[in-house]
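Let's take a friendly walk through some ring contacts and a strand arrangement. Have the viewer open and follow along.

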Amino acid sequence: MSDDVLVLGVGMHPWGKWGRSFVSYGVHAARAALADAGIDWSDVDLVVGGETVRNGYAGYVAGATFAQALGWSGARVATSYAACATGAQALDTARARIRAGMSDVALVVGADTTPKGFLAPNAGERYDDPDWLRFRLLGMTNPAYFALYARRRMALHGATPEDFARVKVKNARHGLANPNARYRKEVTVEEVLASPVVADPLHLLDICATSDGGAAVVLASPAAARRLGSGPGDRPVRLRAVSTVTPTFPNTVIEMPNFATDSSAAVAPPERTFRDSIAHAAYEEAGLGPEDMSLAEVYDLSTALELDWYENIGLCKPGEAERLVRDGDTTIGGRIPVNPSGGLACFGEAVPAQALAQVCEVVWQLRGQAEGRQVEGARAGITANQGLFGHGSSVILSL
Amino acid sequence: MADSTTPAMAPAIDGWFTTGDEPALIGTRCRACGSVFFPREEAFCRNPRCAGTELEETTLSRRGRVWSYTDARYQPPPPYVPRTDPYEPFAIAAVELEEEGIVVLGQVADGYGVDDLAVGVPVELVVEPLDDTSSIWRWKPVAAAGEEAR
């Protein structure tokens, strides 16, 4: 427990479609996190940037880009790419150096500027790039994958389009008072069902948008936090686990951007699916279980996917997620609120910042600072996400 | 591909599927452990407990059952090339091949939409035009004995 790395500060640039460089969002978030920690930029000895492939060379070397923009200070630097899990992988890099005694205070930053509409692959003739090929040969967008999971859920567990819409209604309500959320408007089940179908059975309002945004987290060793006399005070938030596990062969769930699953002809499928294994590893590392969690921030790329996550992070057994959302268990005030921030439904996705945004929300909730969306008495929270190329993450924080 | 029954329509990608009357996807199978790979894995077996380096070409089952399905109501971004102007939606299926223990994506054959599909229904591989000059594999619903393909 004394080895736990502490969260000194968190900060964000509001999500939206601002049309500026990702660097400005990252610096805004970084300065907010430093101010929240009550420390100076010069106190930071390590910067880890979340990489964004969409923003050219500066995005590929995000750690150095942010370090230069904040003013060269001689800090060590690293850059992470892990698709949707990028922010968590960056956090893990910073945590590892702190726990190894090679860093005292680390700043982790992720930010993105996204195009309008579908996320598209890099340009050119890229016949050896599966992310390019899936569009060229199949016209296979990200929402099409989300829709395959949604339809499968309907066939296996009796989910209905109304159940999916209930997730959107809940998250829209949660995000109403969140100053960093892009969409702050209540919606009804009827409005979700009346929005155009993008990929059957998912409607436009079932699918998250792409957004600009930035998020940052300041981590420190307990000794450095005492020396700086800053931040957590009498309610320190502790980073209990960061899971960035890869799948186990054979991964029998079709995943972006693949054309096929692994084959189970020679080897039986693993005990846990990839998504199950992401949270399982985090619980093991933290020495905590689903019953210890006060809230969860999960990756609702689609409304239906949020229901899958209820089961993947152990909030209920397979097939029971629909009951949780119908009964209000995952609404603020319910048994285990999910996405009190409003989730991707209210934010849209800014890929390299999103896993950090999840962490920011859990920190605010644990400190009792989530005004207008506070989960009363929150003591521990879990984040979970998954993206392209076998990347996924789960972070557990507690008081 | 050596198969040249439709010379005007070259496969949109080399070595992924055969053409002709009974087209099939082409994968590889590890000689050591029997794991199957699609798209083809050439150099090393990806089973973490297998050191196999000899992977032989194999054609995959032409029939499978729908694992899940959807459609694309809006035109996907490039490099997708729309076949019609204005754009016409198409359906997509993820199909489970029992013998290979694998689920493979594909567009659904021309003339079939999501209303013709259900999880578990049998489908068969066909090859159809992807654009004016190239062909692609697709999944086509088939009526099994004693049941109608919806």
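## A ring pair within chain A

A:Phe22 counts as buried, because its relative accessibility is 2%, below the 20% cut-off. Please keep in mind that this is a predicted model.

How many aromatic pairs does a search of the whole structure find? Over all chains, the search gives eleven. One of them joins A:Phe22 and A:Phe66 in an edge-to-face arrangement, with 5.8 Å from centre to centre and 75° between the planes. A:Phe22 belongs to helix H1 (residues 22–37) of chain A, while A:Phe66 belongs to helix H3 (residues 62–70) of chain A, so this contact ties together parts that are 44 residues apart in sequence. A:Phe66 is buried too, as its relative accessible area is 1%.

## A ring pair between the chains

Now for a pair with a partner in each chain. A:Phe259 and B:Trp137 form a tilted aromatic pair, 6.2 Å centre to centre and with 55° between the planes. This pair crosses between chains: A:Phe259 sits in the loop between strand S8 (237–243) and helix H10 (274–286) of chain A, and B:Trp137 sits in strand S9 (residues 134–141) of chain B.

## An arginine over two rings

Back in chain A, which rings does A:Arg275 lie over? The charged end of A:Arg275 sits over the ring of A:Tyr149, at 5.1 Å from the ring centre. A:Arg275 also lies over the face of A:Trp309, where the distance to the ring centre is 5.9 Å.

## A covered strand in chain B

Finally, have a look at strand S5 (residues 63–72) of chain B. This strand is mostly covered, with eight of its ten residues buried.

Which strands does S5(B) pair with? One partner is strand S6 (residues 90–97) of chain B, which runs antiparallel to S5(B) and is joined to it by seven bridges. Within that pairing, B:Tyr69 has B:Ala93 in S6(B) as its bridge partner. Another partner is strand S8 (residues 122–129) of chain B, again in the antiparallel sense, over three bridges.

Key:
Residues are numbered from 1 along each chain as its sequence is written. Chains are lettered from A and ligands numbered from 1 in the order in which they are written. This is a predicted model: local features need pLDDT of at least 70, side-chain atom pairs count only at pLDDT 80 or more; totals for chains, interfaces and linings use all residues. Side-chain values use heavy atoms; hydrogens and water are left out. Buried means under 20% relative accessible area, exposed over 50%, partly exposed in between (1.4 Å probe, protein chains only). Helices (H or I, at least four residues) and strands (E, at least two) are DSSP runs, numbered from the N terminus. Two strands pair if DSSP finds at least two bridges between them. Rings of Phe, Tyr and Trp (its six-membered ring) pair if their centres lie within 6.5 Å; planes under 30 degrees apart count as stacked, over 60 as edge-to-face and the rest as tilted. A charge sits over a ring if NZ of Lys or CZ of Arg is within 6 Å of the ring centre and within 35 degrees of the ring normal.
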